[in-house]
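My notes follow in the order in which I looked things up.

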Amino acid sequence: MMAADLVLCLLGLVVDRRLITGAPAWLKPAKFALSVMIASWSFALCIASTRLFARALDVVLTVGFVLEIALIDMQAARGTTSHFNLSTRFDAIVFAVMGISIACVWLAMLALTIVLFRQRFASSAWGWSLRLGMAMAVIGTGSGALMTVPDSGQRAEAHATGRLPIAGAHTVGAPDGGPGLPITGWSAHHGDLRVAHFVGMHGLQVLPLLAWWISRRRPAPDERTQVNLVFAMAASYLAFFGLILWQAFRGQSIAQPDSVSLESLAVWVLLTAVAVIAIGHKRSYPLNDKKGIA
């Protein structure tokens with residue numbers, strides 16, 4: 001369904017030249033369709049690895065995502081924004097329904113994370129990559145709530161006029177709709193909370209792919225070393241998410257890092273490299289996952 005929706009959104013980008021907050025009307029729906037398509041595959045993989053509440057989790061995630069995408073597409077077709085839009089009663093209802101649907105998706109993700117922590121896996125490293133990847137996705141998805149908080153300008157307008165047409169924003173330091181980076185549309189000159197939101201959500205793909213790559217190396221590291229590397233990569237990924245979020249809150253574009261951001265990134269790279277090298281050179285022994293979750 002998301003693949004078909006992505007095709008329609010790409011067609012919309014070609015035939016519909018309207019702009020919404022400075023970006024092509026169908027760019028946001030296309031990005032959401034692609035992101036949800038990837039996420040759906042990952043959730044299906046995780047659910048297939050579990051035995052508890054699998055059907056319920058499948059239904060909640062599917063309904064929540066379909067509703068969310070349908071409303072985003074509808075608002076794009078209407079030529080208006082889907083998120084933060086309270087300008088009319090109808091738009092406020094749409095945004096409220098979207099909020100409820102994504103909250104249900106987040107709760108289902110949290111439940112799936114808990115189920116994965118109770119599930120045993122033949123490969124400990126693979127199991128931990130799914131558990132920690134889902135935990136990272138829960139954190140990343142939850143960071144989207146930071147965008148819904150009205151900024152000082154919106155609160156001042158609400159106090160002066162008694163109306164709040166827009167509640168929240170993804171840009172820090174300027175109104176939404178300024179110059180954006182190619183394809184992503186992330187702010188080119190100011191902080192943008194969508195960057196960390198994106199990085200966090202897709203930890204669910206990055207960590208299992210890293211675990212798969214580690215297991216395919218020849219000679220393959222022993223099981224305990226693979227688990228330690230997965231934990232190190234998860235900690236590094238969480239730190240990177242924190243750095244990106246911190247940079248956005250400082251009102252700084254991901255494309256224009258200052259010396260503090262560059263130095264912090266260099267420290268992150270150095271610590272990650274040291275951890276990986278130390279784990280790779282440390283002698284360890286096979287880990288038997290049948291005795292419990294380590």
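**Entry 1. Kind of model.** I note at the start that this is a predicted model.

**Entry 2. Helix α1.** I began with α1, residues 2–15. This helix has 14 residues and reaches 20 Å from its first C-alpha to its last, close to the 20 Å expected at 1.5 Å a residue. I then asked which residues of α1 are buried. They are Met2, Asp5, Leu6, Cys9 and Gly12. An α-helix has 3.6 residues a turn, so residues three or four places apart point the same way. On the other side of α1 I found Leu8, Val14 and Val15 exposed. I also looked up what covers the buried residues of α1, and the cover includes α2 and α3.

**Entry 3. Helix α4.** I listed its buried residues, among them Asp91, Ser101 and Thr113. Val94, Phe95, Met98, Val105, Ala108, Met109, Leu112, Val115 and Leu116 are also among the buried residues of α4. What covers the buried residues of this helix includes α2, α3 and α5.

Entry 4. In soluble globular proteins, nonpolar side chains tend to be buried together.

**Entry 5. Ala135.** I checked Ala135, which is found in helix α5. Ala135 counts as partly exposed, because its relative accessibility is 24%. Ala135 and Gly203 are 68 residues apart in sequence, yet 8.5 Å apart in space, C-alpha to C-alpha.

**Entry 6. Cysteines.** How many disulfides does the structure hold? I found zero. Cys104 is in no disulfide, and the nearest cysteine sulfur, that of Cys46, is 19 Å away. Cys104 counts as partly exposed, at 37% relative accessibility. Cys9 counts as buried, at 1%.

**Entry 7. Salt bridges.** I counted five salt bridges. Side chains of opposite charge can pair when their charged atoms come close.

- Arg18 forms a salt bridge with Asp16, with the closest N and O atoms 2.7 Å apart. Arg18 is partly exposed at 35% relative accessible area, whereas Asp16 is buried at 15%.
- Arg194 forms a salt bridge with Asp192, and here the closest N and O atoms are 2.8 Å apart. Asp192 counts as buried, at 3% relative accessibility.
- Asp258 and Arg250 meet through their side chains in a salt bridge of 2.4 Å, N to O. Asp258 is partly exposed at 27%, and Arg250 is partly exposed at 33%.

Entry 8. Last, I looked at backbone angles. Most residues other than glycine have a negative phi, and most peptide bonds are trans. Where does Thr21 lie? Thr21 is in the loop between β1 (19–20) and β2 (23–24). Its phi is near 50 degrees, a positive value in a residue other than glycine. Thr21 counts as partly exposed, at 46% relative accessibility. Is Ile183 buried or exposed? Ile183 is exposed, because its relative accessible area is 73% and the cut-off for exposed is over 50%. Ile183 is found in the loop between β3 (171–172) and β4 (191–192), and its phi is near 70 degrees, again a positive value in a residue other than glycine.

Technical notes:
Residues numbered from 1 in each chain as written. Predicted model: local features only at pLDDT ≥ 70, side-chain atom pairs only at ≥ 80, totals over all residues. Heavy atoms only, no water. Helix = DSSP H or I, 4+ residues; strand = E, 2+ residues; numbered from the N terminus. Expected span 1.5 Å × (residues − 1). Buried < 20%, exposed > 50% of the residue type's maximum accessible area, 1.4 Å probe, protein only. Contact = heavy atoms within 4.5 Å. Disulfide = S-S within 2.5 Å. Salt bridge = Lys/Arg side-chain N within 4 Å of Asp/Glu carboxyl O.
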